[in-house]
Amino acid sequence: STSYVPDARAAARVGPYPTKEGNFIGAQVWHSDQEYFQHPAWFTSIRLDRIPRDPATGEVLPCGDTMLADMSVAWEDLPEAEKEFFRRLKCVFDFSVAYPRYRQRAEAERPGPGARERFAELCRLFPPIERPLVRRHPVTGKLALKACPTFVSHVVGKTQEETNEILQRVARLCEVPEYQLRLQWGSEEDIVIFDNYLLCHRVVADFYDLPPESRLIHNITTK
């Protein structure tokens with residue numbers, strides 16, 4: 001789940017995971033932050049607030065790492081024919097794809113108090129936005145592949161099946177070891193800052209067997 005840190009509205013709480021109900025771990029799909037905003041995040045700053053520890057000894061456990069993938073290098077390695085194909089594509093980013101529970105609550109047979117109003121307000125604040133699948137970095141000029149199933153509803157002019165194939169292709173590129181950095185967290189208060197325009201990231205969800213709410217991060221993004 002994602003909420004905001006009290007008295008620090010710019011800082012999002014991601015977790016704590018695994019959840020008490022459903023044993024769920026979020027953010028395990030490759031993504032870049034806030035792609036559904038009018039202006040997507042440029043820099044992401046992640047601070048570890050709670051680290052998984054051995055319940056018996058209190059020792060830090062080697063799990064819950066953060067994976068980073070450089071999508072500018074992924075772009076550079078593509079064959080020219082595939083580059084030409086991707087250059088023509090545009091994606092529609094939609095908050096309701098990332099957070100389907102708001103739509104589900106609003107469209108339920110018996111929606112909870114304020115569910116429909118809340119969904120309508122979020123639709124007003126975050127209307128679907130169309131962006132190129134291949135984007136140029138505003139400083140370096142490097143091109144990067146920017147599309148993920150977490151936020152994209154569809155690729156313009158493509159069927160849902162074709163959209164899924166395109167998104168899966170980009171996601172598979174994230175899994176190439178040569179494009180990756182695996183960040184192992186050492187202790188609470190560790191901080192990492194990275195360029196959201198070039199990188200995708202995800203959590204390694206290898207701590208389902210730990211007590212609920214073992215891992216919590218605070219996330220701040222800048223435009």
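Predicted model: local features only at pLDDT ≥ 70, side-chain atom pairs only at ≥ 80, totals over all residues.
Let's start with α6, which covers residues 160-174.

Which residues of α6 are buried? They are T163, I166, L167, V170, L173 and C174. If you look down the axis of α6, these buried residues fall within an arc of 120°, so they line one face of the helix.

Counting cavities of 30 Å³ or more turns up one. The largest cavity holds about 40 Å³ of space. Its lining is made of W30, A147, C148, P149, L167, V170, A171, C174 and C200.

Helix α6 supplies the largest share of that lining, with four residues. Among the lining residues, L167, V170 and C174 also belong to the buried set of α6.

Now for α2, residues 80-87. Its buried residues are E82, K83 and F86. Viewed down the α2 axis, they sit within an arc of 105°, so they line one face of this helix. The face turned away from the buried side carries the exposed residues E80 and A81.

What do the buried residues of α2 pack against? Their partners are α1 (71-76), β7 (134-136), β8 (143-145) and α6.

Helix α5 takes in residues 115-125, and its buried residues are A115, F119 and L122. Down the axis of α5 they fall within an arc of 60°, so once again they line one face. On the face turned away from the buried side you'll find the exposed residues E117 and R124. The buried residues of α5 pack against α3 (95-98) and α4 (100-106).

Y179 is in the loop between α6 and β10 (180-183). Is Y179 buried or exposed? Its relative accessibility is 11%, and buried means under 20%, so Y179 counts as buried. Leaving out residues up to four places away in sequence, Y179 touches L68, A69, D70, V73, A74, D77 and L173. One of these contacts, L173, is itself a buried residue of α6. For a sense of scale, Y179 and V92 are 87 residues apart in sequence and 25 Å apart in space, C-alpha to C-alpha.

R135 belongs to strand β7, which is one of the elements that the buried residues of α2 pack against. Although R135 is an arginine, it is buried, with a relative accessible area of 16%. With residues up to four places away in sequence left out, R135 touches E35, P40, F93, K142, L143, A144 and K146. From R135 to N164 the separation is 29 residues in sequence and 20 Å in space, C-alpha to C-alpha.

## Backbone details to look at

Two cis peptide bonds deserve a look. The bond from G15 to P16 is cis, with omega near 5°, and P16 sits in strand β2 (residues 8-17). Another cis bond joins Y17 and P18, with omega about -10°. P18 is found in the loop between β2 and β3 (43-50).

Where does A27 sit? It is also in the loop between β2 and β3, and its phi is near 65°, a positive value in a residue other than glycine. A27 is partly exposed, with a relative accessible area of 36%. E189 has a positive phi too, about 85°, although it is not a glycine. E189 lies in the loop between β10 and β11 (191-195) and is partly exposed, at a relative accessible area of 49%.

Key:
Residues numbered from 1 in each chain as written. Heavy atoms only, no water. Helix = DSSP H or I, 4+ residues; strand = E, 2+ residues; numbered from the N terminus. Expected span 1.5 Å × (residues − 1). Buried < 20%, exposed > 50% of the residue type's maximum accessible area, 1.4 Å probe, protein only. Arc of directions from axis to C-beta. 1 Å grid on protein atoms, 1.4 Å probe; cavity = no way out; pocket = protein on both sides within 12 Å on 5 of 7 lines; lining within 4 Å. Points joined across faces, edges and corners; volume = space filled by probe spheres on them. Contact = heavy atoms within 4.5 Å.
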